[in-house]
Every structure is written in C-alpha cells, then in structure tokens.
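Visitor: I have this model open and want to go through its chain contacts. Can you take me through them?

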Amino acid sequence: MEFPEELKYTEDHEWLLVEDDVVTVGITDFAQDSLGDVVFVELPEVGRQFEAGKPFGVVESVKAVSDVYAPISGEVVEINEELPDAPEVLNTSPYEDAWMVKLRISDAQELEGLMDADAYRTFVEEQE
Amino acid sequence: MRAGTRGLILKEKLLFEHSTPGRKGYRLPTLDVPEAQLPENLERAEITGFPELSEVDVVRHFTRLSTWNYGVDSGFYPLGSCTMKYNPKVNEAACRLSGFAQVHPMVPDRLAQGALEMMHDLQEALAEISGLPALTLQPGAGAHGELAGMLVIRAFHEARGQKRHKVIIPDTAHGTNPATAALCGYQVVPVASDGILTAAAVAEHMDNEVAALMITNPNTLGLFEGEIAEICKVVHDQGGLVYCDGANLNALMGIARPGDMGIDVMHFNLHKTFSTPHGGGGPGSGPVGVSAELAPFLPVPVVVRDEDGFRLDFDRPRSIGRMKGFHGHFGVLVRAWAYIRTMGGAGLREATEMAVLNANYVRARLEPAFHLPYKRRSLHEVVFSDRDLQGGCKTLDVAKRLIDYGFHPPTVYFPLVVAGALMIEPTETESVEALDEFCEAMLAIVREAQEDPELLKQAPRVPHIRRLDETRAARKPRLRWRAENENG
Amino acid sequence: MRYIPHTAEDVRRMLQTVGVDSVDELFVEIPDSVRLQRPLNLDDSLSESELLVALQELAQRNATVSQTASFLGAGAYNHFIPAVIDHLVSRSEFYTAYTPYQPEISQGTLQAIFEYQTMICQLTGMDAANASMYDGASACAEGVLMACRATRRRRVLLSRGLHPEYRSTVQTYCRYLDVELEEIPVDAATGRTDLKALGAALDQDCAAVVSGYPNFFGIIEDIGSQAKLAHEHGARLVAAVQEPIALGLLKSPGELGADIVLGEGQSFGLPLSFGGPYLGFFAARQKDIRTLPGRLVGETLDLEGRRGFVLTLATREQHIRRERATSNICSNQGLCALMATIYLSLMGKTGLREVAQHNFSKTQYAKERIGALQGFKIPFSGPTFNEFVVKAEEGSAAVLSRLEQQGMLGGIALECFYPEFDQHLLVCVTEQNSRGQIDALVDALAGGAS
C-alpha cells in the first residue's frame, strides 16, 4: 500500500496535495482497496462552496457507497472530468490520474490538523 | 458427493434475437364494428425492435428460461429472512377461480360480497394471530406495509399536535427500516444491540422527540427479543410507539402475539409466513395490523361489515390515504386465506414449532464446524459466520459451492452485525432428510475449504453459467437490448 | 398436516440431536408474560376438498366479466388473456423462486426481466426501465419522488385528469416529505389538461408535471405541449399510462418529450382479480438512471465470457444506502412482469397495434352511438382511446342502476372522484365487448327511466 510523502491525509481516507492556495483532493490507496472495484463517481459542479467535513462527492463500488468529504473549506475550481467516465482509474491510480477536485483554500489554518504520510500509515495500521 | 443436476443445458437467445418478420403468436376475432381512424398526428410508427414470434417460439423460449431457475419446488431454499416455505398448489387453483380472477375492482360492493367477505375474514384471522385488532390489506409487500405503518404512526402523533422527528432502529434491522423512516420524514437514530436489544439501551436514546422504535421480533439473528415488554414500556412511557417488522412471524404463530407484547403496529408478509409464492421477486402482500387507537389512521379503503353485508369503507377522515390503486393484492390474499383455512389455528402453531425445530436441528448439526457468533436459543433461523473457514474461503464461496451441491444458498452478508454472515432459515416444510443432506453438504464444503479451496473459489461449475462480472454490469450499465441499427 | 413432513419419530430424533426434551423447550427465550395462554381462535383445518367448496361458495357471490357485460375500466381493463400465459407462469421454477440474488441459478428470471425492461423501453420510448413496482398508482408516487431527486426541487404539478387514485397515492407518499403538490385543472371543453393553467403554474421550483396518457377520462393528452412547457422551466414531464394497450397505437411518450414514463401493466395479460396483484412499470431517460427506484437487471459476462444477467446498480437501494436509498422498495412484481412479457411477446409488433386498433374502433362506435341518444351527451371533445365520459341527464346513479338491473355494468359514476361531475359516467369498451354487447348497452340507455 502506498503513502506518498508529499501528500497530507485525513481520517476519512482522503489525500491532499497543497499548491499555493489550491488543494487537489482524492481518495487514498487504502480507501480504494477497502471499497473494491469502483463503478461510479459523482463530482460536484465547479464553483460550489464546501465547508470542511461536508460531503462533496460519492464513490460507489458494486456493493458499497462512500461519501467523499471536503477535507478543508473552499470553492471548487476544477474537477477531474474524465473520472466519471473511467471510475476504474480510482483503483489503478488513486494518487495521480484519479484526483477528484481542486479546491481554493478559504482558511489555511484548517490544513494544520491534517496527517502527514507517516501519521496516516500508523492510522491505517490501527484500523486493520 | 451429491451434486445438483444439470438437467438439459439448452441455449436460448433473447426474445428479440428470435424475431422473424411476419411471424405471429396471436389471432384476434374479426373486427365487428367499422374500423375507426385515429388522427394521424397521434399515431405512432412501428415499434422498433419489438419481437415477432409464433406461439411455439414463445412457449419454448420461456420453458427453456424456466429450467435455469431454482425454486422451492426444485429443492431446499434456506434463504434467511425470506421464509421460503412450500407454496401449496390448491392455493394456486383458488386464486384462479373465475369468481375471483375475473372480478373488476370497481364493481359495486353488493356484486362482490364473496370477495369482500374473504377479505374481512382474512383481516380477522390476521388480527387474531397478531393480537392487533385493526387491519389494512392494501399494501403490496412488506416494505410497502412498513411505509403504511410508519405513516400511520406519524399521522397519529401529528393528530395529537406532536412533532416528533426521530425513529430508533437497532443495528440488526433490515435496510428497509431506515429507508422507510426516511420516507416518512424521520431522522434515524441507530442503536447497538449486541444480539439482543435491552430496555436500557433503548432508554438511553428515548426522549419525547422519538416517534417510534422499529424492531424485528424475533430479530434478524433469529433470537427472541426477550425484553420486548420492557422495551415497549420504555417507549410508551415517553409517548412513543413501537413498530414491529413482521418478517419473522413464522417463529411466533400460536405461541406469542406481538399485540400482547406491547407492539402498536406490525406488517405481515403473506409471501413469507402465509405461504404465498415469491414469484421470482413478487407479487407479495404486506397487510398491516394496528392497535385500536391507531385504527382511524389506516389507509383507505378498509373492509367493514354492517347490516347490509360487507363493504369497502372510504369514509375515514383521519386516514393517511391510499397506498396504491384499488384494495390490495387480492389474488395473494385469496392464497393466504386458503392457507390459513387449511392449517387452522393448531396447524399454524405446528408450523411455527416445526420451523423452530428445523432451525435448531440445522444449528446443532453445523455448530461444530461453523462459527456461531450469538449463542442464545435460536427460533426460526440461525446465523453463522465464515470466521473459522480455512483456505482463505469466504461466505460467498460457501454460497456458490452450495449451488454445486444442488441447494439454494442461505442469505449471505446479512445481518450486518455479523461479518461474513450465513443466515439459514429452513422453514417447517422441509423434512429431516432434506436438512441432513444440506448439513452434509455444508460440512463437506468446510472440509473442501481446507483441502482444496479452489473448489469453492471457482464454484459454481454445475449450472449452465458461472460467476458473473458484477463490476462490468455496474460500470457501463446495459439495462436493455437494442437492435444493431438503433441509436442509444 | 400435509405441508409439514415431520413424523413423531422424526421429532423425537431431532430433539435428541438438538439436546432438548421437548419442542416447548425451544421457546425458552420467550417469557411467559408475553406468551399466548390459549389456542388461536381460528376455524378448524379444512381438507383440500372442503376448502374448494368454501372457496367456490365465496367465488360465486362475485360478478365476473364473463357473466356480466362489463364496461368498467378506470385503471383496470378486461382484455383477452391467451392461455399460454397461465401455462407458462404456472411453471414452479418461475413462481416458487425468489428475487434473483444468486444469478447463476436465476438466469430464467433475470433474462425474462431484462426482456421485460427492453419491451417497456420500446413501448414508452425510454432508455431504461426498472424491473417493475407494485402498480401504476405507487409507480406514479415513485415517479414524483424521483423527479424531485433528479431536479432537487420540491414542487409538483398534478393534472386533475390524472387517475384520482394515482393522485391520492402521490399525496400519501408525499405527506411528510415537504413536497408541494398542486392540481392543474382540466379544460372543460376538451377534457385535456388546461395548458394555459399549466403554463401559469410552472416556475423555477417545479420538479415535475404529471399527466395521464390517456388520462382518467380516456382522453389522449397533448403530452408534447406539456413536455415543452415543463422543459422551459427545467421540470420533468411524467407521463402516467393507466391503459398501456394504448401504446400500441399512440405515439410513445418518449417521442413526445416525456422524461419519466410509468403506468399500470395489468392490461398486458393480467387478470382483473378484484384489483391486484397488478404491475407498475417505470421507465426513464439515460441521464436519470442512477436516481431510478426499484430493482434493475443488467447484462454482463460470466467467467468464461458467456452473456448473463445480474441485478445491478444496487447501491441505489435500501439494503446498501439504507435511509438514503432512492426508495424503500425491495421487491418487484416478478411474476406479473413475466406475464406481461409473455403477453407482449405473443402479441408482438403487429398484434399490439391490432388489439389497440380494435379497442379504439369499438370505443368510437359506442361513443358515436351513445352521443347520438336523446338525454346523453359526450361532454369532452378531446380524442379518446378506449374510455370516454358520458353525461346523462337522468344522473349517473340512476342510469347505472337501471343498467345493472338488465345485467350490465355500464360504467363508473364519476361523482365519487369528481363531485362536480354528478351526471357523468366513465364508459370503457375493449376488444372483449362484442358489437352485440355495445348495441345492447345503447338500447338499454335509450330505454330511459322505466
């Protein structure tokens, strides 16, 4: 299982890549592995505002549904438009090709509560 | 090894692929009035892709399809929570009598006295069996009955000016329970049960914002909720009501009555407890029984008896309204009535006793080999888990391997409180020989898991088709056939 | 008890295996305080022959469509049912199976449902149909809820021409869901939904417009114009088909712009059976398939690449999504859907059109003859399919009772559904009504109050 060093992580198994005032968000390797084969992805519209902790999207496998929560508050500035047509990419490339949304950060302080790769690895190991 | 039979494996295309232009499977009488012309702008063109088949084509097609199915008449069908008991044949004849099958639902009441009397009789029989005095026969299935019952509960509270907004549901509940509560505008409060729900656990969540507790008794683990009377009291003391999911009534007939336990509302599944066929998914029938104080809120119409005989009563101003068209799944009601008349009170009790004996017998035979997470005395069903299975085999593999042995698998992965659940409900109509054959297959599968797990993981191999790719089906759904030249 | 195989010896041996001394001991977890301390007070058990006598006694006290000339419709229709249907659905591999949870041993049910879904799509002009619902009225309620989900709006316009039982079922379902229902009147001259009133009522909060096709008065609605109006405001057009034989002849709702098409499938080979079980069909456009309620069957491949069918898109449903499911439904009308599938495959491309044409022609004949009678009027000018409204000067109750005395069920009094129509009756004519029956009806009506 992969835990890229450059990313931040949440307890809801999302990853974040912070670049200036924009974060890219997706679900982690652990999340895709527990879901199984992903068959459907629903993403929000560009321009919508989300508060930290509110669901912005849905990921479905054959027999499970999972909400994906906004790890920080912000406005959706871009979505991965190819993802809904190729949901299987979430299984094959969760950290790269299967990024889900880019959010413009409204409150940089919210980034402080997030885990780094080592902390998340420990968190996942405790879950198992 | 006693394998399921393959029978004849026949290939069979889709109806549409059989179609031959010009072929017909019907013959209408000659039109005996002048042919009228529909205004052209209203008329459709030919229906693209619609089949053209002879009667023989159609009969052979569906006969062949039927051989790919497994039903209760094919063999043991221990699908937990579904009560797959034998469907008596005389009941099939009963609902087909022309005096039932050929009656229009809007004939005046005086021209349907036999039908209405049968319905009234069934209402009274279900009231006696459940201890709930007032009945509606209208809902189309269990989930529909649940919706009717929960709407009745909400209407009752609102009539008393109470805006309660929460419903307590234990973790062993069927998925329909929370879905139904949501359809009634209620917020679901889940409560953990550890196999049996305690009055203390309910009390912790109970307040005057709770409209109802939804409970299944016996619960989906096949265990009787022994604190039911205390639980009902806790709920009632705070002004709430208790809804009982009647899916498991087959464990109680003639032994105990939900109404006597303090239950206020319960739905019946006539297609489970009262032997009406499941029909490959329906039609079912989900009558609802309620306590006297909830009776005014039942859906319309209700069958009543007065000095002129039987009639459909629509004049019920506090009713929640109608759940569907007409008066319920009448053809299913006839079958259930016939079943109750055939069994009689003593026969229904015997059915319950033998259903419970069968479940306990299967439990006793399989407990040495399968992990049993909850060990209280089982009623009509027993839930094992795949925890102790060797060779990396899971519940799904056991289920698929059972098919090779000629059995329908139990319910799997439900209830959710048991990881890898195998939920077995044998029902009373199975003989000890049938149970023995099933148990021997289960024990053989446990050994196979240890010695040759691929036998399980590659199963089933006996049916004409092997495991299907559900991921493929869900990623790019193909929900209909299309002609090659058709768009879409 | 012939459905319970246990002998006394079986019971003794089984109790021994279980390790208890008596059957009573198995119920040890049920406290005495909640036990029933007496036998159930039900009639004694009947033998099969006694049961049949009791059933016959009840059955003979109901008026059947074969003994009485019946012109009753209103959402349940007397059509001819080919013998093939009952023969095939009596195969117990079909009727004693349950929901096809184990696809490897349920391909018969699954393929038949896939064929059913396809034919419903072909008839309605839609992309996807579910595996069926309880009946037309409950399907209509589900259609309203689906339109609200798909548009994230809460206001729904119901035509007053929509079947009254469909309207009241919608009301029941929406009772506590914060959905605002508004009725759109019917044009008094044509019997069609009033397009001006509809246009005025539509706004940006509207999730859907729901209309009958044909409507409760038998009138063929102008679905195309309604769809256009609805779409201008971003609302879905829901067409509710209470008499689907009409789809053999009429333009499909899909072709006219409907977004959701649902209705009652009883006409496709199901007996009247005093109101059920019937068949709710439900179809929608591709864009909305993930908000569909109910079971869906989809095509896929098995491990060896052979075509097969499975239940799919289950994540919409209650057993996974629980309180956020698209519906609480967890069954379909499997056997009823199979009956419809067999009926439609027998009738096929030409038969369905022909039977629809017979219904239409016979109805036109009856309507013209009755309309020409003294004291009777056809109040609505809109085109009809196989039902029409008659206005009788002597009042509907008087007319119907007069006809009943002559052994005829002449129609349904509209007054119980529409208080304003106290002289009106709804008359239905199908291919089962011979010209002789129609002429007798006309003569009886002409006979006046006697």
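Guide: What follows goes through two interfaces, one after the other. Keep in mind that this is a predicted model.

Visitor: Start with C and B. How many residues are in contact there?

Guide: On the chain C side it is 182 residues, and they are in contact with 205 residues of chain B.

Visitor: And how much area do they bury between them?

Guide: About 17100 Å² for chain C and chain B, with 63% of it on carbon and sulfur atoms.

Visitor: Which three residues of chain C supply more of that than any other three?

Guide: C:Tyr176, C:Phe274 and C:Lys349. Together they supply 6% of the area that chain C buries against chain B.

Visitor: What about charges? How many salt bridges cross that interface?

Guide: The rule finds 20 salt bridges between chain C and chain B. One of them pairs C:Lys362 with B:Asp32, where the closest N and O atoms are 2.8 Å apart.

Visitor: And how many polar contacts?

Guide: There are 92 residue pairs in polar contact across the interface of chain C and chain B, counting pairs with both residues at pLDDT 80 or more.

Visitor: Which element of chain C gives the most to that side?

Guide: Helix 11 of chain C, residues 334-371, with 25 residues touching chain B.

Visitor: How does the chain C side divide by class?

Guide: The residues of chain C that touch chain B are 91 nonpolar, 54 polar and 37 charged.

Visitor: OK, switch to A and C. How many residues does that contact take?

Guide: It takes 10 residues from chain A and five from chain C. The buried area between chain A and chain C is about 650 Å², 46% of it on carbon and sulfur atoms.

Visitor: Which residues of A lose the most area?

Guide: A:Phe40, A:Glu60 and A:Val65, which together account for 50% of what the chain A side buries against chain C.

Visitor: How many salt bridges there?

Guide: The count between chain A and chain C is one. A:Glu60 and C:Arg290 meet in a salt bridge through their side chains, at 3.8 Å from N to O.

Methods: Residues numbered from 1 in each chain as written. Chains lettered and ligands numbered in written order. Predicted model: local features only at pLDDT ≥ 70, side-chain atom pairs only at ≥ 80, totals over all residues. Heavy atoms only, no water. Contact = heavy atoms within 4.5 Å. Buried area = accessible area lost by both parts, 1.4 Å probe. Salt bridge = Lys/Arg side-chain N within 4 Å of Asp/Glu carboxyl O. Polar contact = N/O pair within 3.5 Å; in protein donor to acceptor, adjacent residues only side chain to side chain. Helix = DSSP H or I, 4+ residues; strand = E, 2+ residues; numbered from the N terminus. Nonpolar A, V, L, I, M, F, W, Y, C, P; charged D, E, K, R; others polar.
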